[in-house]
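Hi everyone, thanks for coming. Let me put the sequence and the model up on the screen, and then we can walk through it together.

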Amino acid sequence: MSDPVAPREGTGGNVEYRVAHLHDRLAAEELGELGVRAEIRAGAIAVTGTVPSAQCRETLLRVVREELTGLTVHTDIVVAATTGPDHAEEL
Amino acid sequence: MRVAAVGDIHMGADSQGLLRPAFETLDDCADLLLLAGDLTRHGTPAEAEVVAREVRDLPVPVVAVLGNHDHHDERPEEVTAILQDAGVTVLEGTATVVECAGARVGIAGTKGFGGGFVGRSAGEFGEPVMKEFVRTTRRSADSLCAALKDLDGQDCAARIALTHFSPVADTLAGEPPEIHPFLGSYLLAEAIDTAGADLAIHGHAHLGSEHGMTAGGVRVRNVAQPVIRRAFNVYHLGGEG
């Protein structure tokens, strides 16, 4: 994910709007994803968060690749853990 | 009393069976399961059916509120009915009492809504859509307060406020402060403090943190699955475990 590739024609150079469009697309399409963060950091885009399944992670990474083509992207997307707790909190 | 809770499980077609193995062990460690909303991704009946199969016939009672995702398809009544058919008690401005290890636990629930926190909150002023935004939260908070008060006199050993949106900013730590008004409202905390509760459970803030407290001293726990990093967390209330 970290290797820059050629930008898509017509996308322009405005990284901020492209990140905004990524957020829009993640929410609007099959993922319905509002909890993933995409931030511009030192000239690259960091995409971080937790998704509910491995399939969601694959879909998300595909959408990120499509939307942020040509930009340096670092991803750290975790799949939510599904095991029970090993202890309780006493309140 | 042992209270299990999780929110933001965001189930879709690919989720079936992910949480069921952990849920089937619930009676080893908990007396009831609270679901703090965003049980689906888009609020479709098909996704609600996935959730329903995941929680049907569990060994402990299940009490839920819906979240904003569960409203996205604009069919919250259908989602609610599907969950109820699976035995889930779905709260919206209402309360229920669950027998829990020989004691009675009252749960009052509502989805809640946004608006922000004291000093940085939206006001009921200006354009109709802005006023309606804040009034939506106010109505939700009022219904939560009334539901908690309804539990008075019902011989409850503990009362729990269950919401999807957060009543406090504490449990949003980790979220960008700019979006706090979309993550919760102090009106929910004010309702909880006015009526009284022993614990407040919410979800919604995936990047937030687990622990917080209202101004009135009620402990708040954000149980969004990305925060707790488990199928559920368990809280012991009442000192007896």
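Predicted model: local features only at pLDDT ≥ 70, side-chain atom pairs only at ≥ 80, totals over all residues.

Residues are numbered from 1 along each chain as its sequence is written, with chains lettered from A and ligands numbered from 1 in the order in which they are written.

Let's begin with chain A. Its secondary structure comes to two helices and four strands, where helices (H or I, at least four residues) and strands (E, at least two) are DSSP runs numbered from the N terminus. Along the sequence the pattern reads α-β-β-α-β-β. Of the 91 residues in chain A, 26% are buried; buried means that 20 or more other C-beta atoms lie within 10 Å of a residue's own, with C-beta atoms placed from the backbone.

Now to chain B. For residues 1-206, the UniProt record, an unreviewed entry, lists "domain: Calcineurin-like phosphoesterase"; such annotations may be inferred rather than shown by experiment. That stretch is 30% helix and 20% strand, and its end C-alpha atoms are 27 Å apart.

Please look at strand β1 of chain B, residues 2-6. Five of its five residues are buried, so the strand is largely enclosed by the rest of the structure. R2(B), A4(B) and V6(B) point one way, while V3(B) and A5(B) point the other.

Which strands does β1(B) pair with? One is β11(B), residues 233-236, antiparallel and joined by four bridges; there, A4(B) stands opposite V234(B). Another is β2(B), residues 32-36, in the parallel sense and also over four bridges, with V6(B) opposite L35(B). Pairing here takes at least two DSSP bridges.

Finally, the cores: sets of buried Ala, Val, Leu, Ile, Met, Phe, Trp, Tyr and Cys residues joined through C-beta atoms within 7 Å. The largest has 80 residues, and V3(B) and L34(B) touch the most other members. Helix α6 of chain B, residues 186-195, gives the most to this core, with six residues. Leaving out residues up to four places away in sequence, L34(B) touches V3(B), A4(B), A5(B), V63(B), I107(B), L162(B) and I201(B); contact means C-beta atoms within 7 Å. A second, separate core of 14 residues includes V36(A), I45(A), V73(A) and A80(A).

Notes
Buried ≥ 20, exposed ≤ 12 C-beta atoms within 10 Å, placed from the backbone. Contact = placed C-beta atoms within 7 Å.
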